[in-house]
Amino acid sequence: EGGNAERQGIVEKGDILIGVTAIKVVGAKWERRLIPAKELSFDTVVGAISSNEIKWGCEDVVLQFERPSAVEDEEAIKNHLAFYNPPGDSAWRTN
């Protein structure tokens with residue numbers, strides 16, 4: 001309570017974080033992706049948020065939220081998140 005989200009009125013109490021941008025570094029390469037966050041632990045989400053550093057060219061962090069009171073089609077949300085979940089044995093895979 002009393003934080004930026006409450007003051008801005010965009011994120012409401014009860015909203016669920018479903019996506020977050022993160023930086024993954026593998027060797028000399030790096031990539032920024034939007035990853036599904038619904039099943040991630042708090043510590044993993046904090047790590048993802050903090051990985052969006054200026055040294056990687058990041059000037060923001062993208063957070064996607066689900067507002068349960070506005071959801072009409074839960075299957076559509078699952079399909080949306082599946083689109084962002086990388087295939088196979090990718091290091092980005094969240095499930």
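A nonpolar patch lies on the surface, formed by I49, V61, L63 and F65, with about 280 Å² of accessible area together. Patch members have over 30% relative accessible area and no salt bridge, and nonpolar side chains (Val, Leu, Ile, Met, Phe, Trp, Tyr) are joined within 5 Å. A salt bridge is a side-chain nitrogen of Lys or Arg within 4 Å of a carboxyl oxygen of Asp or Glu. Areas were computed by the Shrake-Rupley method with a 1.4 Å probe. L63 sits in strand β3. L63 is partly exposed, at 39% relative accessible area; buried means under 20%, exposed over 50%, and partly exposed in between.

The model is predicted: local features need pLDDT of at least 70, side-chain atom pairs count only at pLDDT 80 or more, and totals for chains, interfaces and linings use all residues. Residues are numbered from 1 along each chain as its sequence is written, and side-chain values use heavy atoms, without hydrogens and water.

The protein has three helices and three strands, in the order α-β-β-α-β-α along the sequence. These are DSSP runs: helices (H or I) of at least four residues, strands (E) of at least two.

One aromatic pair is present. The ring centres of W30 and W56 are 5.5 Å apart and the planes meet at 45 degrees, so the pair is tilted. Pairing requires centres within 6.5 Å; planes under 30 degrees apart are stacked, over 60 edge-to-face, the rest tilted. W30 belongs to strand β2, W56 to the loop between α2 and β3, 26 residues apart. W30 is partly exposed at 42%, and W56 is partly exposed at 21%.

How values were computed
Phe/Tyr/Trp six-rings, centres within 6.5 Å; stacked < 30°, edge-to-face > 60°. Buried < 20%, exposed > 50% of the residue type's maximum accessible area, 1.4 Å probe, protein only. Patch = residues over 30% accessible without salt bridge, like charges linked within 9 Å, V, L, I, M, F, W, Y side chains within 5 Å.
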